[in-house]
Amino acid sequence: KLILLDSLLQEKIMLCEISEASGSFFVTWAWMSVLETFFLFATSTPVFYYYYCNVTFEKWVYKSNPKFPSPEKVRDEIVQMLKGMLCATVCPALSLELARLGVGQAFCGWDDRPVMYHVGVFLLCWIVSDLFEFSYHSLGHVDLRFWQHHKHHHVFHNPSPFSVIADEPIDQIFRSSPLLILPLLIPINMDMLFLQFGLFFYTYGVYLHCGYEHSFISPHNSVINTSFQHYAHHARSSMNTPYHCGFFLKIWDQLFNSCYPKDKECFCAECARKAGERTKEAFSKVHVQDYSPLLKPQFWLTWNTFKIAAKE
């Protein structure tokens, strides 16, 4: 592993070449897990710090759920996130190993193909992956066998940025499977695919799970899922109620009639502000959590760390 690390640093090996440098699926999987762990904390932690550790009234008026999760619940999210991460790296590591063995159509770099080819593949992967995510996610709410795995993600009914991949192993293996399937079907730049799923999908997932709406996009827009749609999914969806299972595009929920019913009262922060519910008086009654225990070793060195509690 030290030799591989030296190769990564000295020769500036690209992500798609890790398997060539390691020569082993397990070493590739281990290093991808290390890299993804760094990436998860590098993207989720700053957002969590900004919205949950530096709470202000001006920010709070945009929070979908006016309450804040406990430090214990955030600890549960982080533990579940790391468990999900170890499974989320299986498919991409296997994809790299197959590419090393000459199986599939994956390639590194531009492969002498025009820029528009890569742009087209990027858009195709985006649409196909978004539809796949919606389809698999919906399945987790209408089929009891899949709900038995997916329900563990729904204990986080008031999610924070650490809950993006706070899933059970089966869920993460299925959700990362496009990273294995797509390179088998179409010629694709593996670095672009990995960056797409990392920067494009995961960072958008951080936004969806941040718990805050934003002034630049209304939750009532008809095209893009916002953080409110995903909060509504966490808060109101269960078995046989697959509300807002889409990731990027609302069209999938619109086509399959899985949007939150319009005849029910909206509970987004935008409507709460319009109704005069987000006042300084209301904010003064909110218990703003102290998340400093998350930085203390003794908070983690307990059996409770390994118990993912039910909803608070």
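When I speak of helices, I mean DSSP runs of H or I with at least four residues, while strands are runs of E with at least two, and both are numbered from the N terminus. What you have on screen is a predicted model, in which local features need pLDDT of at least 70 and side-chain atom pairs count only at pLDDT 80 or more, whereas totals for chains, interfaces and linings use all residues. Residues are numbered from 1 along each chain as its sequence is written, and side-chain values use heavy atoms, with hydrogens and water left out.

Let me begin with Glu133, which is found in helix α7. Is this residue buried or exposed? Taking buried as under 20% relative accessible area, exposed as over 50% and partly exposed as in between, with a 1.4 Å probe and protein chains only, Glu133 counts as buried at 14%. If contact means heavy atoms within 4.5 Å, and if we leave aside neighbours within four places in sequence, Glu133 is in contact with Arg175, Cys245 and Phe247.

One of those contacts brings me to the salt bridges, each being a side-chain nitrogen of Lys or Arg within 4 Å of a carboxyl oxygen of Asp or Glu.

Salt bridges that share partners then join Glu133, Asp167 and Arg175 into one network.

Two further pairs sit within single helices. In helix α6, Glu97 and Arg100 are three residues apart, about one turn of the helix, and they form a salt bridge whose closest N and O atoms are 2.4 Å apart. Glu97 is buried, with a relative accessible area of 10%, whereas Arg100 is partly exposed, at 29%. In helix α5, which covers residues 71-88, Asp76 and Lys73 are likewise three residues apart, so about one helical turn separates them, and the closest N and O atoms of their salt bridge are 3.7 Å apart. Here Asp76 counts as buried at 3% relative accessibility, and Lys73 counts as buried at 5%.

I turn next to the cysteines. How many disulfides does a search of the whole structure find? With a disulfide taken as a pair of cysteine sulfur atoms within 2.5 Å, the search finds zero. Cys53 is in no disulfide, and the nearest cysteine sulfur, that of Cys210, is 14 Å away; Cys53 itself is partly exposed, with a relative accessible area of 38%. For Cys268, the closest cysteine sulfur is in Cys266, at 3.4 Å, which is too far for a bond, and Cys268 is buried, with a relative accessible area of 1%.

On a 1 Å grid over the protein atoms alone, a cavity is a set of points where a 1.4 Å probe fits but cannot get out, a pocket is an open set with protein on both sides within 12 Å along at least five of seven lines, and lining residues have an atom within 4 Å of a point. Grid points are joined across faces, edges and corners, and a volume is the space filled by probe spheres set on the points.

The largest pocket has a volume of about 890 Å³. Of the 36 residues that line this pocket, the closest to its centre are Glu36, Phe39, Phe197, Gly198 and Tyr202. Helix α11 gives the most to the lining of the largest pocket, with seven residues.

As for cavities, the count comes to one of 30 Å³ or more, and the largest cavity has a volume of about 40 Å³. Among the residues that line the largest cavity are Ser95, Leu98, Val103 and Leu184, and α6 and α10 each supply at least two residues of that lining.
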